[in-house]
Amino acid sequence: MKKNIRPYLEHHPKVDSTCYIDEMSVVIGDVSLAENVSVWPFAVIRGDVNRIQIGRNSNVQDHAMLHVSHKSEAKPNGSPLMIGEDVTIGHHVTLHGCTIGNRVLIGINTVVLDDVIIEDNVMIGAGSLVPPRKILKSGYLYVGSPVQQVRPLTEKEIAFLPYSATHYVKVMNHHKENQHDY
């Protein structure tokens, strides 16, 4: 196992063979990465006190921080981090113990906190804050701190969501094809 992909206690990351994990990122503990997930430089995915699951074709961009909340007597399941398919997690995004549906784009420098539920087909504008336990309904653009529902997504924006994820799969494959030991 690579030094940047490491266990925590008895939990070992499960990484599909099609994934790309940049050597300058870190994946720790109870983490499951499905097909074609890409993890870019300086991203941290830390599943030490709960689990993290990332669905196929999703990407975790540079400097993203993904973490969870531990299980307790008051909250037996804690707050795991569950991310669907075709999700684009922008640069410097912080995700903490939330649930994200499929075909979601989370803009640069956004913070999403515990027990948030983001439904399918959602865009969140850059620099937004999604406070704990908020539910973002499918088919809308959300922006602000705290985040507010702004308007329905256009057909073009909805089509862009899987395109963004597919584009990152292509970029990931170019990086994998051109890796060299210097």
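User: Which residue's side chain does the side chain of Ser-38 make a polar contact with?
Analyst: Trp-40, at 2.8 Å. A polar contact is a pair of N or O atoms within 3.5 Å; within protein, one must be able to donate a hydrogen and the other to accept it, and residues adjacent in sequence count only if both atoms are side-chain atoms. This is a predicted model: local features need pLDDT of at least 70, side-chain atom pairs pLDDT 80 or more, while totals for chains, interfaces and linings use all residues. Numbering runs from 1 along each chain as its sequence is written, and side-chain values use heavy atoms, without hydrogens or water.

User: Is Ser-38 buried or exposed?
Analyst: Buried, at 1% relative accessible area. The cut-offs are under 20% for buried, over 50% for exposed, partly exposed in between (1.4 Å probe, protein chains only).

User: Switching topic. How do β19 and β20 pair?
Analyst: Antiparallel, over five bridges. Pairing takes at least two DSSP bridges. Strands are DSSP E runs of at least two residues, numbered from the N terminus. Two residues separate β19 and β20 in a hairpin.

User: Which residue in β20 is the bridge partner of Tyr-142?
Analyst: Gln-149.

User: And how does β16 run relative to β19?
Analyst: Parallel, joined by two bridges. Met-123 sits opposite Leu-141 of β19.

Notes:
Helices (H or I, at least four residues) and strands (E, at least two) are DSSP runs, numbered from the N terminus.
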